[in-house]
Amino acid sequence: MRIVILTGAGISAESGLATFRASDGLWENHRIEDIATPDALSRNPALVHEFYNMRRQKAAEARPNPAHLALAELARAQDLTLITQNVDDLHERGGSPSVIHMHGALNSALCAACEYRWPAPDVMQPEDLCPGCGATATRPDIVWFGEIPYHMPQIWQALEEAELFAAIGTSGNVYPAAGFAQHAARNGAECIELNLENSANSRDFSRHIIGPASRTVPEWVGTLIS
Ligand code: APR
């Protein structure tokens, strides 16, 4: 069975990484326009790098939880396309062989001048030089608001071929990811949502499993590979 799964910040919450829209979420303590737009980097690169250096350190200290491990097990048993909005590498460290990071990754650095990419150092600073062209135009390899998510042609293709689509730990607030269930359903896929609570697009799913991902995802994966 062709399965496509989208994960969001909720799958990493029990690994200790903050989500965005919870009461103590990242967007409660930071203004998006100050740290997650290209203009923010031009205006105050030190603040932007400080925010992502902090997130990079917390991600490095975090450990994959049973939800990450279960999706890696699923990939070994089924035809799975795993798409994540997350920028941590917990899916990879949990054993998933292939992960599509549609919003980029904390462990990758990007040159805004020449688009060269390289493994991000633990701490990025505004004065860093691009190893490719030497410009001081380095930035976290993260897709910011107003920018186009990565790998979209591959993602739309997978959604059109999916027989089962699942969204795990995402609030369904940010497009295009929030439209993936509708796109998959239009092509005949069953859509299931695994989340701590109803999301903004729960109506797009025919099944809902409510609860913490570290419990619900292993249980659900167990029904797919037994
Ligand atoms: N288990 C399952 N779901 C959980 C858990 C958990 N332990 N903890 C939280 N959740 C759910 C919340 O109920 C919420 O619906 O995870 C969701 C997290 O939502 P957001 O914080 O909005 O994160 P996400 O949906 O990934 O945000 C999408 O928005 O700001 C942008 O680029 C950013 O990729 C991000 C995108």
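This is a predicted model: local features need pLDDT of at least 70, side-chain atom pairs count only at pLDDT 80 or more; totals for chains, interfaces and linings use all residues.
Residues are numbered from 1 along each chain as its sequence is written, and side-chain values use heavy atoms, with hydrogens and water left out.

**View 1. The whole chain.**
The chain contains 10 helices and nine strands; these are DSSP runs numbered from the N terminus, with helices (H or I) of at least four residues and strands (E) of at least two. Its C-alpha atoms fill a box of roughly 50 × 35 × 30 Å along the principal axes. Of the 226 residues, 52% count as buried. Buried means under 20% relative accessible area, exposed means over 50%, and partly exposed lies in between (1.4 Å probe, protein chains only).

**View 2. Salt bridges.**
The whole structure holds six salt bridges, each defined as a side-chain nitrogen of Lys or Arg within 4 Å of a carboxyl oxygen of Asp or Glu. D89 and R93 form one of them, at 3.0 Å from N to O. D89 is partly exposed, with a relative accessible area of 23%, and R93 is partly exposed at 33%. In another, the closest N and O atoms of R31 and D34 are 2.9 Å apart; D34 is partly exposed, at 25% relative accessible area.

**View 3. A pair in helix α10.**
R215 and E219 form a salt bridge whose closest N and O atoms are 3.5 Å apart. The two residues are separated by about one helical turn, because they are four residues apart in helix α10 (residues 213-225). R215 is partly exposed at 40% relative accessible area, and E219 is partly exposed at 48%. Elsewhere, salt bridges that share partners join R31, E33 and D34 into one network.

**View 4. A negative surface patch.**
D79, E160, E161 and E163 form a negative surface patch. Patches are made of residues with over 30% relative accessible area and no salt bridge, like charges being joined within 9 Å. E160 belongs to helix α8 (residues 152-161) and is partly exposed, with a relative accessible area of 36%.

**View 5. Backbone features in loops.**
Most residues other than glycine have a negative phi, and most peptide bonds are trans. The peptide bond from Y175 to P176 is cis, with omega near 5°, and P176 is found in the loop between β7 (164-168) and α9 (180-186). E115, which is not a glycine, has a positive phi of about 65°. E115 lies in the loop between β4 (104-111) and β5 (117-119) and counts as exposed, at 60% relative accessibility. H151 also has a positive phi of about 65° although it is not a glycine; H151 counts as partly exposed, at 42% relative accessibility.

Notes. Patches are made of residues with over 30% relative accessible area and no salt bridge: like charges are joined within 9 Å, nonpolar side chains (Val, Leu, Ile, Met, Phe, Trp, Tyr) within 5 Å. Accessible areas come from the Shrake-Rupley method with a 1.4 Å probe; for residues, only the protein chains shown count as cover. Lys and Arg count as positive and Asp and Glu as negative; His and the chain ends are not counted. The place of a charge is taken as NZ of Lys, CZ of Arg, CG of Asp or CD of Glu.
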